[in-house]
Amino acid sequence: PLPLARDSDSCRRGKGSLCDHGSQAPCAGRRMPPHNPPSAPHPALLLSFLALPLASVAQIFRIDSSTTNRVASTACTTTSSGTCITSGSTYTHNEHCRISVLSTARLTASSFRVESCEAPNCRCDYLSIGGTRFCGTSGPSNALVAAGSTITWLSDPGTAGSGYTWTVCATPATLSGNFQVDSASPSTACQTTSSGTCITDGSGNHANNERC
């Protein structure tokens, strides 16, 4: 049984498990649960929280080559766990980079100031994405690139200096059907595959007089 609560000093000091009937102050006669101090958290529980893995960010860009004057350099680098590519604070002359896209994504320039010559042809300095050259202050905006494609950066021997820089970041995306065969003669001359993201003449050699 639980000890009775005691109002006297002797009871409060924990003498005996029942009330001391010889004390001057009467006991309340209530039964009180024993005092159990709070226990410290189990170390294993703390470790389990500390060991929770952090969410990882999938790398989208990989620098295949980066040169200045045909010498390996940091002309192009990745940031933000491989989801952004950049020329750094300022790019210089004769830079050349090849960058692989590892997963389908949409690209948007967070900063873009590149020498412009004969825009939109961009014959001086340019960033090429999907065959489109970007220069001046008009960088890519929500441009879709497929996994396996290549981005190229090039600066010529001409103008460069403070303030010329670019940074492009990516967000993961999925390809939807981009092709639709409206007519084909014969009917199997042209087909779509891979959920409409590819078109083909089918297996084997194509025939004469096909039209799509």
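I searched the whole structure for disulfides, taking a disulfide as a pair of cysteine sulfur atoms within 2.5 Å, and the search gave 5 of them. I note that this is a predicted model, in which local features need pLDDT of at least 70 and side-chain atom pairs count only at pLDDT 80 or more, while totals for chains, interfaces and linings use all residues. Residues are numbered from 1 along each chain as its sequence is written, and side-chain values use heavy atoms, with hydrogens and water left out.

**Disulfides**

I began with Cys76, which is joined to Cys97 with an S to S distance of 2.1 Å. The torsion about this S-S bond is about 100°, so the disulfide of Cys76 and Cys97 is right-handed. Cys76 lies in the loop between strand S2 (71–72) and strand S3 (77–79), and Cys97 in strand S5 (residues 95–101), so the pair ties together parts 21 residues apart in sequence; strands here are DSSP runs of E with at least two residues, and helices are runs of H or I with at least four, numbered from the N terminus. I then looked up burial, where buried means under 20% relative accessible area, exposed over 50%, and partly exposed in between, with a 1.4 Å probe and protein chains only. Cys76 is buried at 4%, and Cys97 is buried at 0%.

Next I turned to Cys122 and Cys135, whose disulfide has an S to S distance of 2.2 Å and is left-handed, with -75° about the S-S bond. This pair links distant parts of the chain, 13 residues apart, with Cys122 in the loop between strand S6 (105–113) and strand S7 (126–129) and Cys135 in the loop between strand S8 (132–134) and strand S9 (143–145). Cys122 is buried at 2% relative accessible area, and Cys135 is buried at 7%.

I also found Cys117 and Cys124 bonded, with their sulfur atoms 1.8 Å apart, in a left-handed link with -95° about the S-S bond; both Cys117 and Cys124 are buried. Counting bonded cysteines along the chain, I wrote down the pattern 1-3, 2-8, 4-6, 5-7, 9-10.

**Salt bridge**

My search for salt bridges (a side-chain nitrogen of Lys or Arg within 4 Å of a carboxyl oxygen of Asp or Glu) found 1 in the whole structure. Arg62 pairs with Asp64, their closest N and O atoms being 2.8 Å apart. Arg62 is partly exposed at 41%, and Asp64 is partly exposed at 38%.

**Whole protein**

I recorded 2 helices and 13 strands, and, of the 212 residues, 28% count as buried.
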